[in-house]
Amino acid sequence: KWKGEGTTLNLENIVIGRCYEYIRIVNPAVGEKNCSEIWEAFKNAFINKDPCSILPKDYELFINLSLHEIPPNKSLFWENNQLLVNSFAGRGRRYMSLADTLFGFFGDFLNWCGQENSAELDYESCPTTEECENNAVESFWRMASVTYAEHSSGVIHVLLNGSAAGGAYPDPGFFADYEIPNLQKDKISQIVIWVVDDIEGPDIESCGTHSVKILENRLKTLGYDVTCTDNYKSVMLLLCLDYPDDSKCTLSSSAPAAQRGPVSSD
Ligand code: ENP
């Protein structure tokens, strides 16, 4: 009856398994957590309720049970490049994006919703955000985003897509609406913005232009020390894995040498 995809099959097994994988293998530093209790808190946020009346605060117990420290200087916010961020962050090894925290890891790539007057999940369909914004998945990410921003500290990184048709810094968007307003200014030393274009994509936005300029100005007005870099090399190298022959992917040490020509003898 809804327009969105239904609950991911085997949801309970997936998230309980993910929870144990996270606390035992991905990030044992979070310490002991009760994964079945976390699942119960997650489920109780949305089962037996109108699937269009789920609020971020319904996930409060889930968040309290799954919360852990986010190491300083490791936070990575982003828009429009989920798969790139997944590999760049390296499951928390390089950076810890929201999906690399226990509470974000829980829901990443999954879909879920319940039904009114039934304890069953709805595996047929779930409401999209266009149908109703107070749905189980949207409210989950709102609550998770707010919590992630509140617990981020040190140098904050933001990876934006300079080829995104809707703008590198979408407003409204999770970063604009739930993350920036919840950053704790006194815990943050700097905000580093990276604007990276798709290798074969158009160069629509860069530092200092369009929506990136709006973002830079907003953060500066809030009193942050802001830097912005276009096509940050580490991210480019990762993108270049899939386009080794593209001109943007020539390794810079060999490019000037090849262009220099013969060395003159005088
Ligand atoms: P999209 O639309 O590019 O990608 C949405 C996909 O990313 C979904 O598969 C979603 O899992 C997963 N995901 C991981 N983290 C988030 C998230 N954090 N979030 C919503 N979905 C997330 O991403 P968005 O909507 O623009 O969100 C990007 C935001 O994530 C940025 O603000 C960044 O700073 C933040 P699922 O369960 O929906 O399949 C917040 C909202 O971390």
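The legends below describe close-up views of a predicted model. Local features are given only where pLDDT is at least 70 and side-chain atom pairs only at pLDDT 80 or more, while totals for chains, interfaces and linings use all residues. Residues are numbered from 1 along each chain as its sequence is written, and side-chain values use heavy atoms, with hydrogens and water left out.

**View 1. The buried face of helix 4 (residues 82-89) and what covers it.** Helices (H or I, at least four residues) and strands (E, at least two) are DSSP runs, numbered from the N terminus. The residues of helix 4 that are buried (under 20% relative accessible area, with a 1.4 Å probe and protein chains only) are Leu-84, Val-85, Phe-88 and Ala-89. Seen down the helix axis, these buried residues fall within an arc of 120°, taken from the directions from the axis to the C-beta atoms, so they line one face of the helix. Their cover includes strand 2 (75-78), strand 3 (96-97), strand 5 (154-161), strand 6 (188-196) and helix 9 (233-240). Just after helix 4, Gly-90 takes a positive phi of about 65°.

**View 2. Strand 6 beside strand 7 (residues 226-230).** The two strands pair (at least two DSSP bridges) in the parallel sense over five bridges, and Ile-193 stands opposite Cys-228 in strand 7. Together with helix 8 (residues 210-221), strands 6 and 7 make a right-handed β-α-β unit, a term meaning that, with the strands pointing away from the viewer, the path from the first strand over the helix to the second runs clockwise.

View 3. Arg-142 is buried, with a relative accessible area of 11%. Leaving aside neighbours within four places in sequence, Arg-142 is in contact (heavy atoms within 4.5 Å) with Pro-56, Glu-133, Phe-174 and Tyr-178.

**View 4. The disulfide of Cys-52 and Cys-132.** A disulfide is counted where two cysteine sulfur atoms lie within 2.5 Å, and by this rule the count comes to five. Cys-52 and Cys-132 are joined with an S to S distance of 2.1 Å, and the torsion about their S-S bond is about -75°, so the link is left-handed. This pair links distant parts of the chain, 80 residues apart, with Cys-52 in the loop between helix 2 and helix 3 (60-66) and Cys-132 in the loop between strand 4 (125-126) and helix 6. Cys-52 and Cys-132 are both buried.

Terms used: Buried means under 20% relative accessible area, exposed over 50%, partly exposed in between (1.4 Å probe, protein chains only).
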